[in-house]
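Here are my notes for when you open this one for the first time. Keep the 3D view at hand and go through them in order.

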Amino acid sequence: MAATYTSLELCAGAGGQALGLEQAGFEHVALLENDLHPCNTLRSNRPDWPIIEADLKTFNAKAYEGVDLVAGGVPCQPFSVGGKQLGLHDERDLFPSAIRIIAECRPRLILLENVRGLADKKFSGYRKWILSELYRLGYQCEWEVINAVDYGLCQARLRFVLVGYLGSPPLFLWPKQVKRTVTVGKVLRDLMGANGWQGLEAWVKEADGIAPCLVGGSKKHGGADLGPQRAKKDWLRLGIDGKGLADSAPPADFQGLPRLTNAMAARLQGFPDDWHFASKKTATYRQIGNAFPPPVAKALGEALISWLETDDRADSPHVAEIYSEQPDVQLELVVG
């Protein structure tokens with residue numbers, strides 16, 4: 001019987017990362033989320049998952065000492081190019097809380113993801129601080145910018161991913177890229193034609209590319225549309241009106257540009273069609289747009305399990321470079 005590995009999920013959201021890790025072979029000992037809507041979504045789809053509705057800043061993880069993996073996608077708004085990029089000065093930045101939780105429960109592995117903006121030069125000092133704190137706790141880590149389209153998703157979704165290993169790790173092998181064979185038209189054909197739209201075939205031919213990144217926005221800003229102006233232009237090239245969401249697929253006699261439904265957005269994110277989002281339209285889209293795609297999480301989860309099961313020890317090639325300089329960000333990390 002295959003070994004079972006355990007995971008503590010932070011900022012679980014609608015469950016995209018948790019679902020992918022489950023598919024990879026992880027069993028969740030707890031899933032932490034402070035927003036009622038995603039919590040209801042998680043409970044609706046996985047009533048057996050141990051969901052904790054709580055604030056990451058006050059959560060104590062000592063009860064989960066020895067868990068194999070701490071995984072999560074801490075809020076991206078402090079680093080997103082679509083925002084003010086306040087970084088550590090943004091009240092929504094939860095990297096210090098995530099590091100504190102790691103210190104409390106001492107997982108064997110770490111998986112943290114965020115937006116591509118965190119890789120920008122302006123955050124180099126903060127990245128060094130994160131790596132230095134984790135190294136002080138005994139973890140060797142490395143960052144990588146990945147694109148969801150390279151994991152089989154029909155979406156150009158760049159994420160900045162950190163993996164970490166407690167002790168002296170084997171070389172981490174990032175998942176191999178898959179062949180790009182899908183288009184928006186092919187992926188959404190049945191959903192877009194659900195009401196017998198007569199213009200379906202012409203639209204499928206027009207929508208012959210990869211979707212731009214879905215953007216969920218935040219509670220303070222963002223609504224049920226498909227992102228900033230540049231994204232709307234990309235959607236337009238695919239024959240999609242990105243200024244809002246539709247409640248249903250186009251009717252048979254529809255003329256003009258169709259809009260995506262939440263079901264279509266969820267499929268572009270890699271959620272299974274039967275994944276139920278327990279909230280109204282805008283809150284549902286926010287959950288979908290902010291999710292980590294399950295197929296990407298599954299691929300990373302499988303790579304992490306292989307990392308644990310590999311005996312060939314070799315320091316990460318990035319370690320010397322990462323720790324050769326002291327971070328120019330000074331924060332005090334308090335472990336309860």
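What follows is a set of numbered points, going from the whole chain to single elements.

1. Ground rules. This is a predicted model, where local features need pLDDT of at least 70 and side-chain atom pairs count only at pLDDT 80 or more, while totals for chains, interfaces and linings use all residues. Residues are numbered from 1 along each chain as its sequence is written, and side-chain values use heavy atoms, with hydrogens and water left out.

2. The overall picture. The secondary structure comes to 11 helices and 7 strands; these are DSSP runs numbered from the N terminus, with helices being H or I of at least four residues and strands E of at least two. Of the 336 residues in the protein, 54% are buried. Here buried means under 20% relative accessible area, exposed means over 50%, and partly exposed is in between, using a 1.4 Å probe and protein chains only. If you take the contacts between residues at least 6 apart in sequence, 71% join residues at least 24 apart, a contact being heavy atoms within 4.5 Å. The accessible surface is about 15200 Å², and 50% of that belongs to carbon and sulfur atoms; the areas come from the Shrake-Rupley method with a 1.4 Å probe, and for residues only the protein chains shown count as cover.

3. Look for 7 strands in an open sheet with the order 3-2-1-4-5-7-6 and mixed pairing. Two strands pair if DSSP finds at least two bridges between them. Strand 3 (51-53) and strand 6 (139-147) stand at the edges with a single partner strand each, so one side of each has no neighbour in the sheet. From one strand to the next, the twist averages 20°. Angles run from 0 to 180 degrees between N-to-C directions, with axes as lines fitted to C-alpha atoms, for helices over the stretch in contact.

4. Helices on the sheet. Helix 2 (residues 36-45) packs on the sheet and touches strand 2 (26-33) and strand 3, its direction making about 165° with that of strand 3. Helix 4 (residues 124-136) also packs on the sheet, where it touches strand 5, strand 6 and strand 7; its direction makes about 140° with that of strand 6.

5. Which way do strand 1 and strand 2 pair, parallel or antiparallel? Strand 1 (residues 5-10) pairs with strand 2 in the parallel sense, over 5 bridges. T6 stands opposite E27 in strand 2. Strand 2 is mostly covered, with 6 of its 8 residues buried.

6. The antiparallel pairs. Strand 5 (residues 109-115) and strand 7 (residues 158-166) run antiparallel over 7 bridges. V115, in strand 5, stands opposite R159 in strand 7. V115 counts as buried because its relative accessible area is 11%. V115 and V161 are 46 residues apart in sequence, yet 8.5 Å apart in space, C-alpha to C-alpha. Although strand 6 is at an edge, 7 of its 9 residues are buried.

7. Helix 3. This helix (residues 95-105) is mostly covered: 10 of its 11 residues are buried, including F95, I99, R100 and E104. What covers them includes strand 1, strand 4 (69-72), strand 5, helix 4 and strand 6. After helix 3 comes R106, with a positive phi near 50°.

8. Helix 7 and what comes next. How are the buried residues of helix 7 placed around its axis? The residues in question are A231, K232 and W235 of helix 7 (residues 229-237). They cover an arc of only 100°, so they sit on the same side of helix 7; the arc is that of the directions from the helix axis to the C-beta atoms. The face turned away from that side carries the exposed Q229, R230 and R237. Cover for the buried residues includes helix 8 (262-268). G239 follows helix 7 with a positive phi near 75°. T261 lies in the loop between helix 7 and helix 8, and is buried at a relative accessible area of 8%. Leaving aside neighbours within four places in sequence, T261 is in contact with A246, D247, S248 and A249.

9. Cysteines. Counting a disulfide as a pair of cysteine sulfur atoms within 2.5 Å, the total is 0. C39 is buried at 0% relative accessibility, and C154 is buried at 4%.
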